[in-house]
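Colleague: I would like to learn how to read the features of a model like this one. Could we go through them one at a time?

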Amino acid sequence: MSFREHYELVKAECEAICVAHGRDPHAVNIVAVSKTVGLPEIEAAVAAGAHNFGENRPDMLADKARELPDQTWHFIGNIQSRKIEEIVQYATLVHSLYQPHHVAKFDAAAAALGKVQDVLLEVNVSGEESKSGLAPDEVASMLEVCAGYPHVRVRGLMTMAPQGNADIARDCFAALAQLAKELKAGMEPANAQYFNELSMGMSEDWREAVAQGATIVRIGRALFAEDFAEVHTQA
Ligand SMILES: *Cc1c(COP(=O)(O)O)cnc(C)c1O
């Protein structure tokens, strides 16, 4: 199947899951994770109606965003201090901030460009050692750090669930949604008004994430890999 066919199916199913859970059918923003494909594939995705793309390497983000500046670019990868200026230059939303010492660097880079950088805080809900992110009980103090920087705006939380078990993924997403709810309740209204996003769900678990309140799903293979949907359906 082509990107267009995958995208239409994912969109329709996403809307149906939203409706089944009492949510607005358009509550979820589908970010097409384009990290494994080149410009021709992204251009085909744009033609099919996708306008949000996710990249996990700053150099690839920069290359692709320079070629397609009218699209919305998301940075979803590991952050290194010396790459922060490049990320800020091209990313509309950074999904993967978790290190307190990076916040001042994002603030300075954004101030220099006259922008406010929207970010999500990455949370390691599952506690897997292989995953990066804040422990759930570290998020409140990270929010306080961010509140001191006017060019960094925290829009919500992001997580990656352990792969391979839908029940575990669902629990992980439910826990992130609950954490966000509790944190928002404790925020100053000026900050709480922007704190609305839950970036959770990938090719294998986005359905569970949407059911648990995801506002952004990050989908790579299920959109760009020609045989993914067929494999998934048979499994
Ligand atoms: C690669 C990646 C995705 C997309 O993964 P798929 O399983 O291909 O959908 C989502 N989020 C992050 C952070 C990634 O690195």
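Colleague: Is R155 buried or exposed?

Modeller: Buried is defined as under 20% relative accessible area, exposed as over 50%, and partly exposed as in between (1.4 Å probe, protein chains only). R155 has 19% relative accessibility, so R155 counts as buried. Keep in mind that this is a predicted model, in which local features need pLDDT of at least 70, side-chain atom pairs count only at pLDDT 80 or more, and totals for chains, interfaces and linings use all residues. Residues are numbered from 1 along each chain as its sequence is written, and side-chain values use heavy atoms, with hydrogens and water left out.

Colleague: Where is R155 found, and what does R155 touch?

Modeller: Helices (H or I, at least four residues) and strands (E, at least two) are DSSP runs, numbered from the N terminus. R155 belongs to strand β6, residues 152-158. Contact means heavy atoms within 4.5 Å. Not counting residues up to four places away in sequence, R155 touches L93, D118, V119, L120, Y194, F195, N196 and E197.

Colleague: Which side chain forms a polar contact with that of R155?

Modeller: A polar contact is a pair of N or O atoms within 3.5 Å; within protein, one must be able to donate a hydrogen and the other to accept it, and residues adjacent in sequence count only if both atoms are side-chain atoms. The side chain of R155 has such a contact, of 3.2 Å, with that of D118.

Colleague: What about M160: where does M160 lie?

Modeller: M160 is in the loop between β6 and α7. With a relative accessible area of 32%, M160 is partly exposed. Setting aside neighbours within four places in sequence, the contacts of M160 are E122, K131, C172, M202 and R218.

Colleague: How do I read the sides of a helix, and which residues of α2 are buried?

Modeller: An α-helix has 3.6 residues a turn, so residues three or four places apart point the same way. In helix α2 (residues 39-47), the buried residues are I42, A45 and V46. They cover an arc of only 100° around the axis (taken from the directions from the helix axis to the C-beta atoms), which puts them on the same side of α2. P40 and A47, on the other side of α2, are exposed.

Colleague: What do the buried residues of α2 pack against?

Modeller: Their partners are α1 (3-20), β2 (52-55), α3 (58-67), β3 (72-75) and α10 (221-224). In α3, the buried residues are P58, L61, A62, K64 and A65, and these pack against α2, β2, β3 and α4 (84-90).

Colleague: What is S34 in contact with?

Modeller: S34 sits in the loop between β1 (29-33) and α2, and is buried, with a relative accessible area of 0%. Apart from neighbours within four places in sequence, S34 is in contact with I42, F53, G54, E55, K64, W73 and F224.

Colleague: How many aromatic pairs does a search of the whole structure find?

Modeller: Rings of Phe, Tyr and Trp (its six-membered ring) pair if their centres lie within 6.5 Å; planes under 30 degrees apart count as stacked, over 60 as edge-to-face and the rest as tilted. The search finds 3 pairs. In one of them, the ring centres of F3 and F224 are 4.9 Å apart and the planes are at 45°, so the pair is tilted. F3 is in helix α1 and F224 in helix α10, 221 residues apart, so this pair links distant parts of the chain. F3 and F224 are both buried. The rings of F53 and W73 have centres 5.5 Å apart and planes at 35°, so this pair is tilted. F53 lies in strand β2 and W73 in strand β3, so the pair ties together parts 20 residues apart in sequence.

Colleague: Which residues touch the most other members of the largest nonpolar core?

Modeller: In soluble globular proteins, nonpolar side chains tend to be buried together. A nonpolar core is a set of buried Ala, Val, Leu, Ile, Met, Phe, Trp, Tyr and Cys residues joined through side-chain atoms within 4.5 Å. The largest core has 69 residues, of which L121 and L157 touch the most other members. Helix α7 (residues 166-185) gives the most to this core, with 8 residues.
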